[in-house]
Amino acid sequence: YRRLPSMMIATVDKFAQMPWKGEVQTLFGRVSGFCQRHGFLSPDDEDTFLKLWGLAEFLTNTGGSNYDVTIRRIQFLFDDRSFTKHQLEHLRLQRNESVHGDTVKEDSRVLVYQAKGYVEALLDFHAGVGRRLESMEEAAMMMDLPTEPDIARRRIALLNRAIRYCS
């Protein structure tokens, strides 16, 4: 350009992008379904949920190989493990239905916020404790440890006996 683009050109450019922007794409008919409570659903909600689940698999070092391990490792981070397990089982089922059943979720946005909470807890774990560990594998090993103090103490005693025996 010989001169800088005018404000009008920049504004027109922004308008041209609107049908693909998550915040306003439903205005242009890009929807994945309808929810009685939330209205039209953005296709980005379901995709975001799947990406969050994948990130949880990465942060638990499971890579989707075993959902039970993914769930158990996330449970390690929470006091109410029963509720956490129940909610994670629900999220796992929704993930599988979304990937394998090709169905639209009426509550995709709720799933996003639930999964986001677990991913944030995993990120907090890795930023705090995890940074003092040597690898993702070691972080996973820590999340596999028992959460009950008596069981953990018994395991420590057994490990010490094994060390003495092998020495």
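Helix 3 passes helix 4 in a right-handed crossing, where right-handed means that the near helix is turned clockwise from the far one by less than a right angle. The model is predicted, so local features need pLDDT of at least 70 and side-chain atom pairs count only at pLDDT 80 or more, while totals for chains, interfaces and linings use all residues. Residues are numbered from 1 along each chain as its sequence is written, and side-chain values use heavy atoms, without hydrogens and water. Helices are DSSP runs (H or I, at least four residues) numbered from the N terminus.

**Packing of helix 3 and helix 4**
- The two helices pack at about 145 degrees with axes 9 Å apart; axes are lines fitted to C-alpha atoms over the stretch in contact, and angles run from 0 to 180 degrees between N-to-C directions.
- Tyr67, Asp68, Ile71, Ile74 and Gln75 of helix 3 meet residues of helix 4 that include Leu88, Arg92 and Arg95, with contact meaning heavy atoms within 4.5 Å.

**Helix 3**
- Seven of the nine residues of helix 3 are buried, that is, under 20% relative accessible area with a 1.4 Å probe, protein chains only.
- Among the buried residues are Val69, Thr70 and Arg73.
- At the start of helix 3, a side-chain oxygen of Asn66 lies within 2.9 Å of the backbone nitrogen of Asp68.

How values were computed:
Buried means under 20% relative accessible area, exposed over 50%, partly exposed in between (1.4 Å probe, protein chains only). A polar contact is a pair of N or O atoms within 3.5 Å; within protein, one must be able to donate a hydrogen and the other to accept it, and residues adjacent in sequence count only if both atoms are side-chain atoms.
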